[in-house]
Amino acid sequence: MSGAGKTSAVVIGASGGIGGAFEAALVEEGAFDIVHGFARLRSGPYRLDLLDEASIAAAAAHVAQGPAPALVIVATGLLHEGDLGPEKALRDLDPAWLSRLYAVNAIGPALVAKHFLPLMPRTGSPVFAALSARVGSISDNRLGGWHGYRASKAALNMLVRNLAIEERRRNDRAIVVALHPGTVDTALSRPFQGNVQPGRLFDAERAALQLLDVIEELKVTDSGKLFDYEGTEIPF
Ligand SMILES: NC(=O)c1ccc[n+]([C@@H]2O[C@H](COP(=O)([O-])OP(=O)(O)OC[C@H]3O[C@@H](n4cnc5c(N)ncnc54)[C@H](OP(=O)(O)O)[C@@H]3O)[C@@H](O)[C@H]2O)c1
């Protein structure tokens, strides 16, 4: 993440459990001159809705007025909403819900990359990290189910690989990764925490700190890959 001059950090989804913890930890650490936190329900230039590309462009334009972002974390994500949630079986497939999962989990982060990657420094090793999930790994999938969430995270993983390849042409030391935070006690996981082994449910603050440590250790050769909270690569 090193780079000359002033730098900023950006957290997209700063209203979320993990996103809020990222924002707080980055402010506390003080390594960046500015920490920008964007969320759907924030106002003015800090409002960013992944389903509204103009709001993403406006957020990027706001960041572009200050120090270049050396770290962009996309901490948004969707697993359940109202009565809709992970499908247990094919009969539960609903096209509108699948589209929404793809829009939030895959297309949204890609649009964030479209508008924010061009702002990142062309020198040093800036990091663009999108929160994904182990269940988005195709090779790791032994249980099935959760069709929409798994497939939308797999799509995100593919986009991360593509973005890494394209970004390398602009800055061959840039790092673009997907990160798995573990099971974290947030609104997203709350209905599904029943089977989590004791000691394997992290609070959001710990999850953010663990992932910041992983980000700190990333090497250029890690770009385009998915890592868990211990820094272990998860094959796609
Ligand atoms: N918690 C876990 O156990 C776990 C495990 C594996 C992976 N993850 C991943 O970690 C990431 C963060 O999850 P979390 O646990 O922190 O969940 P969370 O507390 O539910 O936060 C989700 C965030 O996504 C935002 N979001 C949803 N739709 C959006 C939209 N259309 N536009 C802008 N923002 C939108 C939410 O904004 P609002 O506040 O406006 O709704 C919120 O900031 C997700 O990608 C998730 O898939 C979490």
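## Salt bridges

Arg-190 and Asp-185 form a salt bridge, with 3.2 Å between the closest N and O atoms; the term requires a side-chain nitrogen of Lys or Arg within 4 Å of a carboxyl oxygen of Asp or Glu. Arg-190 is partly exposed at 48% relative accessible area, and Asp-185 is partly exposed at 33%. Buried means under 20% relative accessible area, exposed over 50%, and partly exposed in between (1.4 Å probe, protein chains only).

The model is predicted: local features need pLDDT of at least 70, side-chain atom pairs count only at pLDDT 80 or more, and totals for chains, interfaces and linings use all residues. Residues are numbered from 1 along each chain as its sequence is written, and side-chain values use heavy atoms, leaving out hydrogens and water.

The structure holds nine salt bridges. One of them joins Asp-228 to Arg-134, with closest N and O atoms 3.4 Å apart. Asp-228 belongs to strand 8 and Arg-134 to the loop between strand 4 and helix 4, so the pair ties together parts 94 residues apart in sequence. Asp-228 is buried at 5% relative accessibility, whereas Arg-134 is partly exposed at 28%.

## Sheet and helix

Six strands form an open sheet in the order 2-1-3-4-5-8, with parallel pairing. Pairing requires at least two DSSP bridges between two strands. Helices (H or I, at least four residues) and strands (E, at least two) are DSSP runs, numbered from the N terminus. The edge strands, strand 2 (34-38) and strand 8 (226-228), each pair on one side only.
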